[in-house]
2 protein chains.
Amino acid sequence: MNRPIKEKRVTIHDIAKAVGIAPSSVSKALNDLPSVSEKVKTLVRAKARELNYKHNLSAANLRRGSSRTIGVIVPRVNVAFFADTIAGIEETCFENNHRLIICQSNESFEKEVQAVETLIQQNVDCILISLSQETQTVDHLREITNHHIHLIQFDRINPDVESHIIVNDNRQAAYKAVRHLIDEGYSRIAFLGGSEYLPIYKHRKEGYLSAIREADLDIPYNYIINNAVKTETALAKALELFYSKHPPDAFFTVSDFAALGVLKAARSFGLRVPDDLGIIGFSNEAFTDVTTPTLSSVIQWGKNLGKEASDIYFNTILKEKKQTFAHLTIESTVAARESSCRKTKKTALETD
Amino acid sequence: MNRPIKEKRVTIHDIAKAVGIAPSSVSKALNDLPSVSEKVKTLVRAKARELNYKHNLSAANLRRGSSRTIGVIVPRVNVAFFADTIAGIEETCFENNHRLIICQSNESFEKEVQAVETLIQQNVDCILISLSQETQTVDHLREITNHHIHLIQFDRINPDVESHIIVNDNRQAAYKAVRHLIDEGYSRIAFLGGSEYLPIYKHRKEGYLSAIREADLDIPYNYIINNAVKTETALAKALELFYSKHPPDAFFTVSDFAALGVLKAARSFGLRVPDDLGIIGFSNEAFTDVTTPTLSSVIQWGKNLGKEASDIYFNTILKEKKQTFAHLTIESTVAARESSCRKTKKTALETD
DNA sequence: TACATGAAGGAAATCGATTTCTAAATTAGA
DNA sequence: TCTAATTTAGAAATCGATTTCCTTCATGTA
């Protein structure tokens, strides 16, 4: 007798019929366009709520050609910096009534290409991307612009692709970190870097070198080590140096994980941190706060970067309709915690 | 002279024209349907690649009524457990050629409702959700099923809503954690819990109590403290107990952040961990590995849970078309690290 | 009074892929 | 050889919201 089963989705036609007007007017009312009276608008809005109408994005996208959705692709969502960046982007999107789709590349080139594909198919209006470590070619980024989707690269970028760009000032940040070590009286400062091919790591190395040169410090060639971003590699490399003829009295590492490795190495070798050895890492991972001693690091203000990045879309692109590409740089801050402060002693509870 | 500007998107009609067949055949070819010959299929696929055709999901969604996309809503993406869960879901989606949209509620009810709204509008086929701490009502979850979207609740669930459910065995996990403390010779075990209204915390408390009762331990009423999941609150509560007449000799906390607070409190009070005080937390956050001493915790196998959860959709719902609701439980594991092992001593480098 | 102006609403085309139904062509079977 | 069965391909309707014209009607102005 009763045959409920599959009621169809409520559409603007249903609202139109219920209110007694044309579907086109309903659409205009819901979009708050000027060519429909306030009276009709309130009527439509009320009926929409009553019928529990849900806007069908697929239909609107198809017609409009835009989705009021932006996509972001990051290597990993559970890395402090990217989590912060996403938080910033999210906030801006929310304010501007846009949706956000988050994709992870997991540092894999293949997944990154897949993610780009997905976002293009989803018809997003803008893609924010930070490249995976594996990424060497950029055809997939060109795809994005070919499809008339706005492209904003952040942090891990490739300058060969024309796009809006927003980065951290890695050179300057590294310089400040090393400067800080020097100010604390360290002079034999070793460097644990990343891949030479990624600009972020290259710049951190340059910052390190310029601080070293400026202070006129003498650094043995073996103090400069690439490809040591992980805890284990860093631990091994640090131990090697501790056993060498001229061991360093401080480490600047391009990742906090490496800094942790150095800390473990120091502990197992019997060095006191910060008295015998200074350590400063990079990125301000959550755990830097809970080690003993706490780890100094460089704060990248990811949330801020995320906001600025999405602002490029909402302001520069959408509102001002500028044709030129934005190119922004965010300054970082040194978080001097226990592991690098032997003059200006800090304790765990009062750090930062 | 040259007028590139805005070439239109390549559609199946373009392919159809180029190959010399009907658009409907192109669609069938691209979807690998049986009613079109192999010859045509290869022809179409080649031409599609050549023209750089991109499937328009909005159009397909609109027509099909489904999007081959699933949505997941979590309180936070940068919490170890949820990051793992997402990784698991992602893998399964990838294997099944579905897209994944990730949303964060940031533990806010309002944002959670917003996220649900977004996903309904995006026409996702299935929503996986873990509720925010603020969530008390569930009308928004009913919305999901009203729109004929499959609903799977995981971890932080509300049993009042009919849906597929997959949870961790929190009771059992807590029981095992406390049991472990008892086995290590602790007997005055305090409990730092969460909100009584969230099942996960309620269950952890029950597990704690059952282990205590089973061992016939005498626990003063003030050892059982709710709403202490954060580092600072835990630190304060722990200190209070240390100063009391009958201080505990161990803590079981429902979060690793709380465990960290206890550790800090112990340090500032001058207690040695694990000798004077045993500590075990919950969730196996990344930082538990790097504190001194390392923190024992409960591993929840989030990735596994994520896989099982999405399997419910791909297997139980899609393939088997079962009408009943799945109800799964995942077992957790105690990670006994330094902070709780005074009999079976562990060192930082050999843990786990 | 006659005309211009503008506001408010509607009809119909459109976005691009899918799907149903039909027709043609091929193969098999008797 | 002729009919039935089976492939293969195409025509056309469809999904739901948006948008571009129009039309109508009210208001203001000369």
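Trainee: How many nonpolar, polar and charged residues does the surface near DNA strand D have?

Mentor: One begins by sorting the residues into classes. This is a predicted model, and in it the surface near DNA strand D has eleven nonpolar, eleven polar and six charged residues.

Trainee: Which residues are the closest to DNA strand D?

Mentor: Of the 28 residues that surround DNA strand D, the closest are T11(A), S24(A), A59(A), I21(B) and S24(B). As for elements, α1 (12-19), α2 and α4 of chain A each give two or more residues to this surface, as do α2 and α4 of chain B.

Trainee: Which residues come nearest to DNA strand C?

Mentor: Around DNA strand C there are 28 residues, and I21(A), S24(A), T11(B), S24(B) and A59(B) come nearest. At least two residues of the surface near DNA strand C are supplied by each of α2 (23-30) and α4 (57-64) of chain A, and by each of α1 (12-19), α2 (23-30) and α4 (57-64) of chain B. By class, the residues near DNA strand C are eleven nonpolar, eleven polar and six charged.

Trainee: Let us turn to the helices. At what angle do the axes of α1(A) and α2(A) cross?

Mentor: For a pair of helices, one asks how close the axes come and at what angle they cross. The axes of α1(A) and α2(A) come within 8 Å, with a crossing of roughly 105 degrees. The two helices α1(A) and α2(A) are therefore roughly perpendicular to each other.

Trainee: Which residues of α1(A) and α2(A) meet?

Mentor: From α1(A), the residues are I12(A), H13(A), I15(A) and A16(A); they meet P23(A), V26(A) and S27(A) of α2(A). This contact of α1(A) with α2(A) has five nonpolar, two polar and no charged residues.

Trainee: Next, the sheets. In what order do the four strands of the open sheet in chain A stand?

Mentor: In chain A the order is β7-β6-β8-β9, and the pairing is parallel. The edges are held by β7 (224-225) and β9 (278-280) of chain A, each with a single partner strand, so one side of each has no neighbour in the sheet. Strand β6 (residues 189-192) of chain A pairs with β7(A) over two bridges, in the parallel sense. F191(A) has I224(A) in β7(A) as its bridge partner.

Trainee: Which strands of chain A does helix α10 lie across?

Mentor: Helix α10 (residues 231-243) of chain A lies across β6, β7 and β8 (250-253) of chain A, and runs at about 150 degrees to β6(A).

Trainee: How does α10(A) cross α11(A), at what angle and with which hand?

Mentor: The axes of α10(A) and helix α11 (residues 256-269) of chain A come within 7 Å and cross at roughly 45 degrees. That angle makes α10(A) oblique to α11(A). The crossing of α10(A) past α11(A) is right-handed. Among the residues that meet are L235(A), L239(A) and F242(A) in α10(A), and L260(A), V262(A) and F269(A) in α11(A). The contact of α10(A) with α11(A) has eleven nonpolar, three polar and two charged residues.

Trainee: Which strands stand at the edges of the sheet in chain B?

Mentor: In chain B, four strands form an open sheet in the order β7-β6-β8-β9, with parallel pairing. The edge strands are β7 (224-225) and β9 (278-280) of chain B, each of which pairs on one side only. Strand β8 (residues 250-253) of chain B is joined to β9(B) by three bridges, and A250(B) has G278(B) in β9(B) as its bridge partner.

Terms used. Residues are numbered from 1 along each chain as its sequence is written. Chains are lettered from A and ligands numbered from 1 in the order in which they are written. This is a predicted model: local features need pLDDT of at least 70, side-chain atom pairs count only at pLDDT 80 or more; totals for chains, interfaces and linings use all residues. A residue is near a molecule or strand if its C-beta atom, placed from the backbone, lies within 6 Å of it. Ala, Val, Leu, Ile, Met, Phe, Trp, Tyr, Cys and Pro count as nonpolar, Asp, Glu, Lys and Arg as charged, and the others, Gly among them, as polar. Two strands pair if DSSP finds at least two bridges between them. Two residues are in contact if their C-beta atoms, placed from the backbone, lie within 7 Å. Axes are lines fitted to C-alpha atoms, for helices over the stretch in contact, and angles run from 0 to 180 degrees between N-to-C directions. Angles under 35 degrees count as roughly parallel, over 145 as roughly antiparallel, 65 to 115 as roughly perpendicular and the rest as oblique. A crossing is left-handed if the near helix is turned anticlockwise from the far one by less than a right angle, and right-handed if clockwise.
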